[in-house]
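I opened the model and kept notes as I went. The entries below follow the order of my look-ups.

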Amino acid sequence: MGLLSGVAVVAAAVLTVSGCSTSSSDDSGGAQTITVYNAQHESLTQEWVNAFTAQTGIKVEMRNGSDTELGNQIVAEGNKSPADVFLTENSPAMTLVERAGLFAHVNQDVLEQVPSQYRPSSGNWTGIGARSTVFAYNKKKLTEAQLPQSLLDLQAPAWKNRWAASPSGADFQAIVSAVLELKGADVTRQWLAGMKDNARTYQGNGAVLKAINAGQIPAGVIYHYYWFGDQAKTGENSDNVSLHYFKNGDPGAFVSVSGGGVLKSSRKQAAAQQFLKFITGQNGQKVLQTGTSFEYPVGSGVTANPKLVPLPDLQAPAVDPAKLNSPQVTELMTTAGLL
Amino acid sequence: MDANPSRRVTARPHLPVVLAALAVMVVAAAVLPLGYVIAATIDTGWSTAAALLFRPRVAELLTNTVLLVVVTVPICVAVGVTAAWLVERTQVPGATVWAVLLAAPLAVPAFVNSYSWVTAVPSLGGLSGGVLIASLSYFPLVYIPAAATLRRLDPAVEESARALGATPWAVFFRIVLPQLRVALAGGALLVSLHLLAEYGAFVFIRFDTFTTAIFEQYQSTFNGTAATMLAGVLVLLCLTLLVIESVVRGSARYARIGPGVARRAVPAQLGWRYTPISLLFLALVIVASLGVPIVSVFRWLAIGGWAVWNWDVVGSTLTQTLGFGLAGAAVTCVLAFPIAWISVRHPGRFSRGLESSTYISSSLPGIVVALALVTVSIRYLHPLYQSVPVVIAAYALLFVPRALVNLRAGLAQAPVGLEEAAQSLGVAPLTAIVRVTLRLAAPATAAAGALVFLGIVTELTATLLLAPTGTRTLSMQFWSLSSEIDYAGAAPYALIMIVLSLPMTYVLFNQSKKAAGL
């Protein structure tokens, strides 16, 4: 009696579990489904997916993770990868997958929606958004006169235990890749050594912002949209924080391009390209302008949310997004003892 | 051999071949992650491996991890033994209530505990924070076997010692504690293995250990070499702990010689001098390990209001977690069964070898097992990659020894003589096994399943790495929300995980009362 009901329960469990996760690959006529390896913030991509599915009827399954985790996973999977589209927050992971030869060429009409400085010249992937590096500081702990002039100033002993970052995250590693590209390996190595001595590490830019706000550390290096996003909610993690933009083409003014690409191994090329076209088109970029992500739009001439500092005013250094090298960054950071 | 055939446990010495083959296959699979780490190390070559291993960062991680274990385990043992003593051997008021409450912290996953404490005391961090949270989350692993053993100790030896003039403290340290050695060694080992494998709890308080570093490396390089090297060091640490435990455990066993039956000890009177302080101690432990998480979770729920209860997501994550938990528990018990059968019915060197191998592999953290399975499935078993069977396989590899302990205890309560009696009455052999042995072993099997279910509900790292795209379990959902500092949004999932785990903890607690030690 007990045995029979036990077996029934277990059988039901196994059926439930197998039913939950296999829905995507069987598109027998009717609605198609594409698989997106998504390293962007889940809430933002979900907004894109909802609007896209409403417009085209194509369903999207997201696998969430971080830039380099998913990028390396795609490289390890090779041409048997189940992914159709890869979306990232920063460019190094896109370059990683491109160098492994796994991207399909993006359709011309999609490429034309994005200005050339926000995509690589190879045309194997495109920019879908951008974010600016900022120096966030607690208004009560630092005055304007004490702010650093350049990102590289932070390696000086004067900044010991006075700034924070999240080195395990792809965001900060993208910033390091910009330093590497702009200043070379030697300067980067020295800066990272200084960072190891001076900086306090947190897991995630959100945690860094929260700590700065709470006064646990006077300042930190993060991306701009965390502050704007928190201000738009309750402000409990950012009311005491101000943002300082380095400008003047300093590595600290680096604007990181979020990327989107279609995998060569995808069996739903048309649908995948359609998804990229939607994201970089008017409706997709408007999500960045009016939504809660506060990242910068890059496509279809859509301007940024009025609360943000306009992109041209940031005086970002000119960096070719295709040249940012993540394996070397990982190696440098591992040697410095940050990873 | 016993004169009374119905009490005979071991069977005829000839090993059932099919069962032995099955057992060997399970053990071979269990040793796979260890093999992967060794193979990857050899693959990397000594110079690269040396460069990745002998660097300041690894020294930092090693210091943190070793200090964590060395400080937390004695605290857990002290708290666990004191609590067990107070509850089982004294007349402290409300002993039955305390007994259950002290086992309940097992239902609160360590990462939920950490999330609650970080809310209550935001500046908590570093080694002290890690030790606090780890002690509060894991002391029940020592308390439960200690309480079970204390309950069954023969008081006759203690009474003789008192009669010969020993003080109560001398009796405790010279008579009681040595008899607790096996239970304490096992409990301490479990605590240290959990500490080595813990990820979520230490991320909240920014405490870097090997497992958090492996995860960070994984996030930067997927299954890159540095991650595997760190995993290798972690494996070495685990094996060292296993060796230490078997040394501490020793081979001495305690049994009653002579006629008569062991009585239950008379609970000591605490009197007005010691009762308040005992109650204070117990209350403090419960408030810190249960009170803080529950209050924090409810506080976040109150702050979030009904908006954080996204019923679609709650429903689907709950269904998926239940599905994985039940399927995983069933598969694990089935896989552990051949090994348990052989070790009870045909004990000997073969069965001891089987058990030791599973024990070694289970001491590996979830992330190492997951990395191994990911590599194997990408390279050799591609159709299985990112599929449900791989996740269930990971759970089985991680939890077979937990199931084994209870299954063994259950089968030991089903003497083969009863089965033979059934056969002599005309029942076919297989039917006899099902109707007699399995029925008798059913409660213990339920406990085994409950323990595995508990492990699966709170499992985070392997699930994050292996789950098929589109899977969302409670722990994954909690983790993704709390990583974005959306603590209020994560609270419903924390609550559901705790509620799901409570019945299982109760089953486990009940079963432990019937079998001394883990």
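Which residues of H15(B) and H16(B) meet? I found Ile339(B), Ile342(B) and Ser343(B) on the H15(B) side. On the H16(B) side they meet Ser351(B), Leu354(B), Glu355(B) and Thr358(B). I took contact to mean that two C-beta atoms, placed from the backbone, lie within 7 Å.

**Ground rules.** I am working on a predicted model, where local features need pLDDT of at least 70, side-chain atom pairs count only at pLDDT 80 or more, and totals for chains, interfaces and linings use all residues. Residues are numbered from 1 along each chain as its sequence is written, while chains are lettered from A and ligands numbered from 1 in the order in which they are written. My element names follow DSSP runs, numbered from the N terminus: helices are H or I with at least four residues, strands are E with at least two.

**H15(B) with H16(B).** Next came the geometry. H16(B) covers residues 349-362, and the two axes pack at about 140 degrees, 9 Å apart. I used axes fitted as lines to C-alpha atoms over the stretch in contact, with angles from 0 to 180 degrees between N-to-C directions. That angle makes H15(B) oblique to H16(B). The scale reads under 35 degrees as roughly parallel, over 145 as roughly antiparallel, 65 to 115 as roughly perpendicular, and the rest as oblique. H15(B) passes H16(B) in a left-handed crossing. Left-handed is when the near helix is turned anticlockwise from the far one by less than a right angle, and right-handed when clockwise.

**H15(B) with H20(B).** I then followed H15(B), residues 311-345, to H20(B), residues 429-458. Their axes come within 8 Å and cross at roughly 135 degrees. This pair is therefore oblique. Here the crossing is right-handed. H15(B) contributes Thr321(B), Phe324(B), Gly325(B), Leu326(B), Gly328(B), Ala329(B), Thr332(B) and Cys333(B). H20(B) answers with Thr445(B), Ala448(B), Gly449(B), Val452(B), Phe453(B), Ile456(B) and Val457(B). By class I noted nine nonpolar, six polar and no charged residues.

**Positive phi.** Which non-glycine residues did I list here? Lys247(A) has a positive phi of about 55 degrees. I placed Lys247(A) in the loop between strand E8 (241-244) and strand E9 (255-262) of chain A. Lys247(A) is partly exposed, with 15 C-beta neighbours inside 10 Å. My scale calls a residue buried at 20 or more other C-beta atoms within 10 Å of its own, exposed at 12 or fewer, and partly exposed in between. Gln386(B) also has a positive phi, near 55 degrees. Gln386(B) sits in the loop between helix H17 (366-379) and helix H18 (388-412) of chain B. With 24 other C-beta atoms within 10 Å, Gln386(B) is buried.

Val131(B) lies in helix H6 (residues 126-138). Is Val131(B) buried or exposed? I counted 20 C-beta neighbours inside 10 Å, so Val131(B) is buried. Leaving out residues up to four places away in sequence, Val131(B) touches Leu68(B), Val71(B), Thr72(B) and Ile75(B). Trp46(B) is in helix H2 (residues 46-53). Trp46(B) is exposed, with 10 other C-beta atoms within 10 Å.

**Domains of chain A.** The bounds come from an automatic or database domain assignment. That assignment gives domain 1 (32-129 + 256-309) and domain 2 (131-254 + 325-336). Their C-alpha centres lie 26 Å apart. I noted 20 residues of domain 1 in contact with 16 of domain 2. On the domain 1 side, helix H3 (67-77) and helix H4 (92-99) of chain A give two or more residues. H4(A) gives the most, four residues.

**Chain A with chain B.** Last, I looked up the interface: 41 residues of chain A are in contact with 37 residues of chain B. H1(A) supplies the largest share of the chain A side, 10 residues. By class, that side has 12 nonpolar, 22 polar and seven charged residues.

Conventions
Ala, Val, Leu, Ile, Met, Phe, Trp, Tyr, Cys and Pro count as nonpolar, Asp, Glu, Lys and Arg as charged, and the others, Gly among them, as polar.
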